[in-house]
Amino acid sequence: MAALTAGQLQQDGVLRVLAELYADPLSAELLLRELGADLTRLPPFGGSQAPLAHWFRICLTIEHGAFSFTLEDLLAAAYRNFPSNDVLRRFVRPPAPGGSPDDRLTVLCLLAGPRETSRLQLRHEFRAIEEAARRGRRRTLDIRLSAATRRRDLVPSLVEHKPDVVHFGGHGSTGGELLLEEDDGSVAPVPAEALAAVLDAVGGVSVAVLNACHLGRYLDVVGPSVGEVIGSPAKLDDEDALAFCRDYYAALALGETWARAFDLGRAGVGLGRRGLPDLRRVVRVREGDTV
């Protein structure tokens, strides 16, 4: 991904957010000192210059390499101070796969069961995730639900909730399609490639859990569009799927890293069978990431 620029931040409304959140000299200086900025290299704050114009000059100075930190570092520091700000969140890099997730994670459960028996199982799956989240003593899991997800719900739900984790529960076809629903409850297939394009366009998803039959065969298709993707190339039965949900999300709620949560979830499934299940975790490795 290309480095951020002051012009891009101005165009996307981020500078206006900084000017509103850090409109006075003291708050602006505290943020910059936190990053190690030499304030003598910046113009004095205030005077006849409006906060928006001042922040544009600050960002230009950072962009041109005057300091040891980047514009990405600046936005990450501001986001730590204002974690509920949706504009800042869009520009903050997700936690590195294998590293520690943040103290609060948004988990969006996209469930679709075109058949009545499927819906019953999905209710059990969602309840298992909710119960696991309640174990959170070190990390809060904010569980969001999109039940009976229609094809046209997919993009709006992702944009609205901006999840760290997307959990797909339901069915997939042998041809690699996620089976969502139409308005009348009939099947609406979404190819793995189309799902990957949506996740790539939305951005910011740290983990996608493909708990849908057959879709796990397409981990390499979905993987490049998220931080990491989890699924099983082989079909998991309902009890195994529920067991993974319980232990994986409980581990996250108890403060474990992405990698360790996956290992614990996979090991938990193995308690009820001979041998470990064929669950896999595909991590997107980028420059600077650790796995």
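Q: At what angle do the axes of helix H11 and helix H12 cross?
A: Roughly 145 degrees, and the axes come within 8 Å; H11 is residues 238-253 and H12 is residues 258-270. Axes here are lines fitted to C-alpha atoms, for helices over the stretch in contact, and angles run from 0 to 180 degrees between N-to-C directions. Helices (H or I, at least four residues) and strands (E, at least two) are DSSP runs, numbered from the N terminus.

Q: Which residues make the contact?
A: On H11 they include Phe-244, Tyr-248 and Leu-252, and on H12 they include Trp-258, Phe-262 and Val-269. Contact means heavy atoms within 4.5 Å. By class, the H11 and H12 contact has 10 nonpolar, two polar and three charged residues. Ala, Val, Leu, Ile, Met, Phe, Trp, Tyr, Cys and Pro count as nonpolar, Asp, Glu, Lys and Arg as charged, and the others, Gly among them, as polar.

Q: Before I go on, what am I looking at, and how is it numbered?
A: This is a predicted model: local features need pLDDT of at least 70, side-chain atom pairs count only at pLDDT 80 or more, and totals for chains, interfaces and linings use all residues. Residues are numbered from 1 along each chain as its sequence is written, and side-chain values use heavy atoms, with hydrogens and water left out.

Q: OK, sheet next. What's the strand order?
A: S2-S1-S3-S6-S7-S8, an open sheet of six strands with mixed pairing. Two strands pair if DSSP finds at least two bridges between them.

Q: Which strands stand at the edges?
A: S2 (140-146) and S8 (280-283) do; each has a single partner strand, so one side of each is left without a neighbour in the sheet. Direction ignored, neighbouring strands are turned by 15 degrees against each other on average.

Q: And which helices go on it?
A: H8 (residues 154-161) packs on the sheet, touching S1 (104-112), S2 and S3, and its direction makes about 165 degrees with that of S1. H12 lies across S1, S3, S6, S7 (228-231) and S8, running at about 165 degrees to S8.

Q: Is S3 buried or exposed?
A: Mostly covered, with six of its six residues buried. Buried means under 20% relative accessible area, exposed over 50%, partly exposed in between (1.4 Å probe, protein chains only). Val-165, His-167 and Gly-169 point one way from S3, while Val-166, Phe-168 and Gly-170 point the other way.

Q: How is S3 joined to S6 and to S1?
A: Six bridges join S3 (residues 165-170) to S6 (residues 207-212), and the two run parallel. Gly-169 has Asn-211 as its bridge partner in S6. Six bridges also join S1 to S3, again parallel, and Leu-110 stands opposite Phe-168 in S3.

Q: What does Ser-146 touch?
A: Leaving out residues up to four places away in sequence, Ser-146 touches Leu-108, Cys-109, Leu-110, Leu-111 and Ser-157. Ser-146 is in S2 and is buried at 10% relative accessible area.

Q: Last one: where is Leu-42?
A: In the loop between H3 (25-34) and H4 (51-63). Leu-42 counts as buried at 12% relative accessibility.
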